[in-house]
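Subject: Structure for you to look at

Hello,

Here is the structure I promised to pass on. Please open it beside this email and follow along.

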Amino acid sequence: MKTIKKKLTLSLLTVLIIAGCSKDQFTPSEENLTATYLLGEQPGFENEWSNNPHKLNVIYFLPKDVEPFQNYKHRISGILLQTQEFFAENLDREGFGRSSFGLDLLAKELVDVDVIRGAREQDYYTYSGGSGKVIPEIEAYFAENKNAKKSEHTLVIMPSRSGDPLNPGGVPFYGVGKYCFALDYPSMDVKYLGQNDIYGNLATKWIGGLIHELGHGLNCPHNKERKSEQAVLGTAIMGSGNHTYGKSSTFITAASAATFANSQTFSAVERFDWYTQVNHDIKKLDARVENGSIVIDGQFVSDYEVTDINFYHDPEPSGGNKDYDTPSWTVKPDGNTFHVESPLSDFYKLEGNYQLRIRFYHENGSWKTYSFQYDFENAVPLLDGVVIKELMDRDGWSVIEADSEEDTGAAYKILDGDQSTIWHTEWKNTLPNHPHYVVLDMGAATVVDGFAFLNRSNLNGAIKDCEVFTSNDNINWTSQGTYTLKKQTSWQYIQLPARETVRYMKLVTANGYGGFRYTHLAEIGAYTD
């Protein structure tokens, strides 16, 4: 009788679960497993990272007219649990311990996947622009279900809408901030990884692709394995590893490992200031070529502890989706200083222009990135632009004239010490063309060797070619030469032909990057060598 009663109870509970869930939430096998879990017969549903206070949000998003593919929860669970281990092994190798992103588990091998039914049909959620339509619906779901949002990071999986199970596609598949999008298709399963057939090829492309996009959703930019790493470790997952995962050696670089180690979902520590803004600045920076390496030394200040510093050497075209070919390095700070050596033998090309990005990670997960430009000449990097000088105090300085300024971009903001507030020429109601100019009064005759300029983060319209004039009476002006500013977001400097004692400085623009009529500038300073 006891056996019969237990079977009846299980059957009744299964019915109750089915009745309480819409058709799109579970496949039949998943219903039975969930019922078993609720009866307490599952041997356990924790793993190494179950105690991470912030877990990855996993969403299976279904348009109004789409049903899920068979056994999607089991298949996706297998992928994510394998990915957890992939991250843990790689972070451990790079000195961060067996750290990985947390997942909520319903059972030992079953991840808690939230199903959200979209308000519109599948044709509304296309690859191009579809993420911008899905995210508001997910945010609305989180707002209504407070416990559903476990962290700031969300993986969204949508069923393929191509209609061809062997040629999936048609839905968003990319990273958008802390969201990342991937797709599901009927045979998407880790069991096919490594097979030399169409199912193995599909698994590498789409499971490797899911891990790559998840990396973006966990804050990581593209970067490529260094030349010396290829033979030993293979292909970087945040480079081209989405085309090799499961087929040949694929790994997480040290720079990517540092990024993930500072991500909210990897932390075993509870804190309530994740990703809040930090006050951070590089005070000094010097770069040189020494013993066949680019050697960079620097000093910084920050109101949050800096945990790791990454260095990305990105050949042009650079940034955005053009940075797959970027070798990277990472170091720990030594107090408020840092030192890194990047052997030129680890670069793939020693020619052309490069963008160097230095990214500082802080204990609360926030980061600050500075970019610099340099180029190669005869296989030797010219690093004059990779420098930050100590600037003189600007107390008593003022802006006394500008040819044009927008109501939200007053010229005085180039002296306020805030890179996010800028002088911006008019563009709302009128759009005057170059040349534009701004005049500074340094308050008294001042000895200077050169001037410093800082752009905002958005470089469209940033000053390109310009001329600098100096004066001691604001009447008689002397040209100190024409200069070309670089398209970068860190401080850059122009050296005057000779040391000067001046009170007034006039900056006159000739053009800007992108061919825009307007221009802008965040800060102006001066220095002596």
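First, a term: two strands pair if DSSP finds at least two bridges between them. Strands (E, at least two residues) and helices (H or I, at least four) are DSSP runs, numbered from the N terminus. This is a predicted model, where local features need pLDDT of at least 70, side-chain atom pairs count only at pLDDT 80 or more, and totals for chains, interfaces and linings use all residues. Residues are numbered from 1 along each chain as its sequence is written, and side-chain values use heavy atoms, with hydrogens and water left out.

**An open sheet**

Strands of a sheet pair through backbone hydrogen bonds, either parallel or antiparallel. Start with the open sheet of three strands, in the order E10-E11-E14. Its pairing is antiparallel. Strand E10 (280-290) and strand E14 (337-343) stand at the edges. Each has a single partner strand, so one side of each is left without a neighbour in the sheet. From one strand to the next, the twist averages 15°. (Axes are lines fitted to C-alpha atoms, for helices over the stretch in contact; angles run from 0 to 180 degrees between N-to-C directions.)

Now look at E10 and strand E11 (residues 293-302). Ten bridges join them in the antiparallel sense. Find leucine 285: opposite it stands glycine 298 in E11.

Next, go to strand E20 (residues 437-454). Of its 18 residues, 13 are buried, so E20 is largely enclosed by the rest of the structure. Buried means under 20% relative accessible area, exposed means over 50%, and partly exposed lies in between (1.4 Å probe, protein chains only).

- E18 and E20 run antiparallel, with four bridges. Valine 399 stands opposite leucine 440 in E20.
- Strand E23 (residues 492-509) pairs with E20 over twelve bridges, in the antiparallel sense. Threonine 446 faces valine 502 in E23, standing opposite.
- Strand E25 (residues 523-527) is joined to E20 by five bridges, again antiparallel. Alanine 452 stands opposite glycine 525 in E25.

**Leucine 415**

Where is leucine 415 placed? It sits in the loop between strand E18 (398-402) and strand E19 (423-424). Contact means heavy atoms within 4.5 Å. Leave aside the neighbours within four places in sequence. Leucine 415 is then in contact with Arg394, Trp397, Ser398, Val399, Leu440, Glu523 and Ile524. Compare histidine 54: 361 residues separate it from leucine 415 in sequence, and the two are 41 Å apart in space, C-alpha to C-alpha.

Helix H3 (residues 72-93) packs against helix H5 (residues 198-217) at an angle of about 60°. Their axes are 11 Å apart. H3 and H5 are therefore oblique to each other. The cut-offs: under 35 degrees is roughly parallel, over 145 roughly antiparallel, 65 to 115 roughly perpendicular, and the rest oblique.

Which residues of H3 and H5 make the contact? From H3 come Ile79, Leu80, Thr83, Phe86 and Phe87. From H5 come Ile207, Leu210, Ile211 and Leu214. By class, eight are nonpolar, one is polar and none is charged. (Ala, Val, Leu, Ile, Met, Phe, Trp, Tyr, Cys and Pro count as nonpolar; Asp, Glu, Lys and Arg as charged; the others, Gly among them, as polar.)

**Helix H7**

Seven of the eight residues of H7 are buried, so this helix is largely enclosed by the rest of the structure. The buried ones are Ala254, Ala255, Ser256, Ala257, Ala258, Thr259 and Phe260. Their cover includes H3, H5, E12, E13 and strand E15 (353-362).

**Backbone details in loops**

Two peptide bonds to proline deserve a look. The bond from glutamate 316 to proline 317 is cis, with omega near 0°. Proline 317 lies in the loop between strand E12 (306-315) and strand E13 (328-331). The bond from histidine 434 to proline 435 is also cis, with omega near 5°. Proline 435 is in the loop between E19 and E20.

Then check phi. For tyrosine 275, phi is near 65°, a positive value in a residue other than glycine. Tyrosine 275 is in the loop between helix H7 (254-261) and E10. Is tyrosine 275 buried or exposed? Tyrosine 275 is buried, with a relative accessible area of 17%. Asparagine 474 has phi near 65° too, positive and not glycine. Its loop runs between strand E21 (465-471) and strand E22 (478-484). Asparagine 474 is partly exposed, with a relative accessible area of 30%.

Best wishes
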